Structure formats: C-alpha cells, structure tokens
Amino acid sequence: MAKPDKVAAVAEIAESFRTSSATVVTQYTGLSVSQLSQLRRALGTSAKYRVAKNTLVKRAAEDAGIQGLEDLFVGATAIAFVEGEAVDAAKALRDFAKDNNALVIKGGYMDGKALSVDEINRIADLDSREVLLAKAAGAFKAKLSQAAALFQAPASQVARLAAALEEKQRNAAGTEAAEAPAES
C-alpha cells in the first residue's frame, strides 16, 4: 500500500506537469546545494526546479498524461517546471549548464510532445517574448510610417500642382495686363 506522503508527492508533481507550459528534465549529480540555489535564482519566477525520485516522477507523468519522457528518468533527476516563458527558462538552464558541467539537460516536454536536448537549445536561442513583441511593434511602426507617407504623397502633389497652376494663372494675368496697354 502506498504511503500518504508519496501519494501526495505524486499528486503534486502531476499537478506541476499539468499546469506548466513546458518541462525540462536534468541530471544534477555533482552540484552542491549552493549551486542548486544559484540555479533556482537564475530560473527566477519563470520555473520551479524540483528534485524528485524517478519512480514518483514516472507515476506523476503517467497520471498527468505525459508521454515520451520515461527514458529520461534515470539517475539523479530534477525537473524544471516552466511557469512563464519557456525561452527564459531554457536560456537559464543552458547558460547554467555551460558554467557547471555537473548539470546535464536530458530533454523536456512542451505542447504535447517530448523535446530533445537540441530542441531545448533551439528554444534557448530564440528571443524572449518581450524582444519579439518589440521587434513586431517596430516593424508595424515602420509600415505605418510608409503608409502615411504614401497617403500623404498624393495630397502634397495636388497641393504643389494647385500652387503651380495658381502661379501660372497669375503669370498669365500679369502678361495679359502688360500686353493690354501696349495695344491701345
């Protein structure tokens, strides 16, 4: 019979699987407690980093309907449950792993499919949501400026044409006035 604390742990991990936008499975063998604290600080509010027993994580993943990660739950396993942007968490984990060889990214899960290490690294290479929104806003602003100039061009051409026509009429009237006294 299952112990209540293990049942509660499985339920908590399963809920984390269900509510997270992505998960990244890592191996942390060789990291000190202070290094794990640094990693958690690097992840910030974008992810919860949890160390758990493989048997509990396997059950929780099964309960949550997560498939394709079973092979990753071997050895000292810790999971980053991403609550915010997957890009931010993937960058934090990748950068921490570069500085600390003891952290190994094994794979992950996002949008209903398992992710390889290469896919997680590609996600980490993406710009953050804020940067992408800023780029999109800049592109929209540039297009709006082009459209405004395009719409303004005919109006300014009409104004220049009207000014030129008025000038031509004034010149023609002045020429007629100058020629009229000469005829009399």
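**Sheet.** I began with the strands: 5 of them form an open sheet in the order β2-β3-β1-β4-β5, with antiparallel pairing. I took strands as DSSP runs of E with at least two residues and helices as runs of H or I with at least four, numbered from the N terminus; two strands pair if DSSP finds at least two bridges between them. At the edges I found β2 (47-51) and β5 (113-115), each pairing on one side only.

**Ground rules.** This is a predicted model, so I kept local features to pLDDT of at least 70 and side-chain atom pairs to pLDDT 80 or more, while totals for chains, interfaces and linings use all residues. Residues are numbered from 1 along each chain as its sequence is written, and side-chain values use heavy atoms, without hydrogens and water.

I looked up β1 (residues 22-27) and β3 (residues 77-82), which pair in the antiparallel sense over 6 bridges. V25 has I79 as its bridge partner in β3.

**Cores.** I then asked which residues have the most contacts inside the largest nonpolar core. They are L43, Y49, L93 and L103, in a core of 27 residues. Such a core is a set of buried Ala, Val, Leu, Ile, Met, Phe, Trp, Tyr and Cys residues joined through side-chain atoms within 4.5 Å, where buried means under 20% relative accessible area (1.4 Å probe, protein chains only). Helix α4 gives the most to this core, with 8 residues. A second, separate core of 19 residues includes V25 and I79, the bridge partners I noted above.

Key
Buried means under 20% relative accessible area, exposed over 50%, partly exposed in between (1.4 Å probe, protein chains only).
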